[in-house]
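Thanks for coming, everyone. I'll walk through one model, from the overall fold down to single residues. Here it is.

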Amino acid sequence: MGLETKPLSTLHEKSSYSVDDFEVPTGREEEWRFTPLSRLKGLHSGVAAAGNVVVAVDAAPEVTVETVGRDDQRIGKAYVPADRVSAQAYSAFEKATVITVPREAVASKPTVITLTGSGEGAAYGHILVKLEPMAEAVVVLEHQGSAVYADNIEFVVGEGATLKVVSLQDWAGDAVHVSHHHAQLAKDAVFRSFVVTLGGDLVRLSPSVSYTGPGGDADLTGLYFVDAGQHLEHRLLVDHSHPNCKSNVTYKGALQGEDAHAVWIGDVIIRVEAEGTDTYELNRNLLLTDGARADSVPNLEILTGEVAGAGHASASGRLDDEHLFYLQARGIPFDEARRLVIRGFFAQLLEKIELPELRERVFAKVEAELEK
């Protein structure tokens with residue numbers, strides 16, 4: 001397939017499966033201006049040395065798991081790469097993992113996909129999760145180890161189906177990860193995504209949602225904790241192209257240490273034909289120390305006046321001195337008061353993780369970040 005142009009959004013102007021349709025980024029482009037290209041280790045230019053990331057799947061018994069080649073006709077149907085790294089990942093992966101949940105099946109346990117990096121060198125991957133009509137499943141993505149990794153993940157949610165995804169980026173401190181997660185929702189499909197980004201030297205994650213029928217409902221939640229020198233970037237796109245669909249985006253992050261850098265870009269497009277859309281996006285950043293920086297850019301493009309609701313909000317700030325004083329005045333030491341305020345900042349998000357064991361793991365990891 002050739003190059004497709006998308007003139008509605010300046011951040012998503014074109015898409016193609018071919019690397020050659022995208023120029024090597026220089027950092028002056030709007031979609032790359034926040035990303036330190038020198039730390040991508042060649043993922044954007046195609047000069048990275050070969051590496052390896054191992055994919056292991058612990059699947060629910062109702063789920064089918066396949067490892068397929070590039071010629072599998074199911075691959076690439078829902079998502080067309082929108083930048084050079086995504087196109088490079090699509091062009092370079094050798095094997096893809098395909099997970100299928102049959103029609104009306106309800107998975108009896110979460111399907112856990114673990115991706116483990118084994119050292120230096122670049123690796124490329126592709127995962128397809130497909131739910132047939134009226135199916136229900138929970139999928140957990142766990143990223144660990146040391147890697148330079150780029151991949152594309154397609155979530156195809158059939159009519160009336162419900163998919164819940166938790167993606168945990170817990171890489172080693174030297175890892176580089178650039179990933180696109182795309183969810184395609186059919187009529188009355190429900191998609192719930194929870195992204196937790198903690199590890200890695202540089203992580204750039206781009207979740208996106210599109211609709212193929214009315215009644216789709218997407219909820220995208222994210223939590224990130226950025227330490228000194230880390231660059232954690234989340235770039236979201238929700239493309240409303242059918243009537244009476246919903247989307248809600250809520251991302252919160254905390255930053256501490258010199259040169260800790262968080263980037264959040266939230267794009268929502270409501271096309272002319274998407275009457276009755278109900279959408280909202282929110283980003284909050286908590287700056288815990290001097291030297292940390294958060295860039296937050298919400299964008300909302302509305303091309304119809306017939307919407308049920310549309311809004312966005314973004315704010316970055318420090319801990320509230322009044323909250324800390326209130327707790328200290330009741331005998332709570334400063335360090336504990338600080339932890340309590342930060343826990344409260346994340347608490348509402350963590351409640352959305354419906355798996356108790358995983359929720360406790362994420363909570364423990366956030367607690368560990370506070371001890372640094």
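One term before anything else: contact means heavy atoms within 4.5 Å. And a word on elements: helices (H or I, at least four residues) and strands (E, at least two) are DSSP runs, numbered from the N terminus.

This is a predicted model, where local features need pLDDT of at least 70, side-chain atom pairs count only at pLDDT 80 or more, and totals for chains, interfaces and linings use all residues. Residues are numbered from 1 along each chain as its sequence is written, and side-chain values use heavy atoms, with hydrogens and water left out.

Overall picture. The protein has 4 helices and 18 strands. Its C-alpha trace spans about 65 × 50 × 45 Å along the principal axes.

Next, burial. Buried means under 20% relative accessible area, exposed over 50%, partly exposed in between, with a 1.4 Å probe and protein chains only. Buried residues make up 55% of the 372. Take the contacts between residues at least 6 apart in sequence: 84% of them join residues at least 24 apart.

Now the cores. A nonpolar core is a set of buried Ala, Val, Leu, Ile, Met, Phe, Trp, Tyr and Cys residues joined through side-chain atoms within 4.5 Å. The largest has 55 residues, and Phe155, Leu163, Leu185 and Phe191 touch the most other members. Strand β7, residues 136-157, gives the most to this core, with 8 residues. Apart from this core lies another, of 26 residues, including Leu168, Leu349, Val362 and Val366. In soluble globular proteins, nonpolar side chains tend to be buried together.

Stay with Leu163 for a moment. Beyond four places in sequence, Leu163 touches Val129, Leu131, Ala137, Val139, Phe155, Val157, Val190, Phe191 and Arg192.

On to helix α1, residues 84-92. Is α1 enclosed or open? It is largely enclosed by the rest of the structure, because 7 of its 9 residues are buried. Those are Arg84, Val85, Ser86, Ala87, Gln88, Ala89 and Tyr90. They pack against β6 (111-131), β7 and β9 (176-185).

Asp83 sits in the loop between β4 (64-69) and α1. Asp83 caps the N-terminal end of α1, with a side-chain oxygen 3.1 Å from the backbone nitrogen of Val85. Asp83 is buried, at a relative accessible area of 6%. Outside its four-place neighbourhood, Asp83 touches Phe22, Trp32, His180 and Arg204.

Helix α4 next. Leu358, Val362, Val366, Glu367, Glu369 and Leu370 are buried in α4. Their cover includes β7, β8 (162-169), β10 (190-197), β12 and α3 (334-350).

Helix α3 holds Arg338. Arg338 is buried, at 14% relative accessible area. Leaving aside residues up to four places away, Arg338 touches Gln256, Leu288, Leu319, Leu324 and Leu370.

Gln256 comes up again with Asp227. Asp227 is in the loop between β12 (217-226) and β13 (231-240). At 11% relative accessibility, Asp227 counts as buried. The side chains of Asp227 and Gln256 make a polar contact of 3.1 Å. By polar contact I mean a pair of N or O atoms within 3.5 Å; within protein, one must be able to donate a hydrogen and the other to accept it, and residues adjacent in sequence count only if both atoms are side-chain atoms. Beyond four places in sequence, Asp227 contacts Gln256, Ala260, Glu369 and Lys372.

Last item, backbone angles. Most residues other than glycine have a negative phi. Lys41 is not a glycine, yet has a positive phi of about 55°. Lys41 lies in the loop between β2 (14-15) and β3 (53-58), and is partly exposed at 36%. Asp259 also has a positive phi, about 65°. The loop between β14 (246-255) and β15 (261-270) holds Asp259, which is exposed at 51%.
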